[in-house]
Amino acid sequence: MTHTPTSITAIPDLNGRFDLYGAVHKGLRKAGCELLVRLGSTDFDQSEDTEDVLALLRTYLTLAASHACHEDEHIHAALAARGASTDTVDHQHDDHREAFDQLEALARAVETAWPMHRRATGRKLYLAFAVYLAEDLAHMHEEETVTARALWNRFTDDELSAIEMRIVSSLSPETNMAFMRIMIPAMNPLERADMLGAMQKLAPPEIFDAVIEFAVRPALDTKAFGDLAGRLKRAA
């Protein structure tokens, strides 16, 4: 897969093809943008506010690192097996892993800073995360415009769905739930209903009920949850 710079509007239509990246990328974009705003508005002179935002940062970094590993192991490996190069996104993932370490070091610096230095250290963390997020947004665009084409050219939708299932099956229940919490509110109503409708058919009822009660209901407002319940023919 050779990378050539293209217009930001050179975006391929799905045309009914399986969207391997869409849902999880929407979740990561929403979570990352919300975290950036939260870092910028945090009063780092207040210990409780600082603890809360650093906990959110670490949860986000854990999910982002996990996501990069899933893509390396399941998507990039599958493309390589069919003769496609993933050099560009591989290098971007390496840059991300370096950034994760740097952001964790800055988070620890905030925790250990003298009170008089905490605000300045928090500002450094905010600006560093902003740079990381900007690079990640560009990276996800690369995957959804360039890597996605490579996948569609080499795999059937059934094969792409199987890759997604291998990724989901490799996750712990806790990690699956954490991804659901960021993905569900980032989706539009039809996408949300399609994903959960498929889960409703395939997952054991107790698992599906747990996802609804612990990941979906807390993440949606009353109107959005009512719309979803109607689409799933489920009592709100």
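1. How many cavities of 30 Å³ or more does a search of the whole structure find? The search finds 2, where a cavity is a set of points, on a 1 Å grid over the protein atoms alone, at which a 1.4 Å probe fits but cannot get out. The model is predicted, so that local features need pLDDT of at least 70 and side-chain atom pairs count only at pLDDT 80 or more, while totals for chains, interfaces and linings use all residues. Residues are numbered from 1 along each chain as its sequence is written, and side-chain values use heavy atoms, with hydrogens and water left out.

2. The largest cavity holds about 80 Å³ of space, a volume being the space filled by probe spheres set on the grid points, which are joined across faces, edges and corners. Its lining has 13 residues, each with an atom within 4 Å of a point, and those nearest the centre are Ala 64, His 67, His 96, Tyr 132 and Asp 136.

3. Two or more residues of this lining come from each of α2 (47-81), α3 (87-112) and α4 (115-154), and α2 gives the largest share, 5 residues; helices are DSSP runs (H or I, at least four residues) numbered from the N terminus. By class, the lining of the largest cavity has 7 nonpolar, 4 polar and 2 charged residues, with Ala, Val, Leu, Ile, Met, Phe, Trp, Tyr, Cys and Pro counted as nonpolar, Asp, Glu, Lys and Arg as charged, and the others, Gly among them, as polar.

4. The second largest cavity has a volume of about 50 Å³, and the residues lining it include Phe 18, Asp 19, Trp 152 and Leu 160. Its largest share, 3 residues, comes from α4, and its lining divides into 7 nonpolar, no polar and 1 charged.

Conventions. 1 Å grid on protein atoms, 1.4 Å probe; cavity = no way out; pocket = protein on both sides within 12 Å on 5 of 7 lines; lining within 4 Å.
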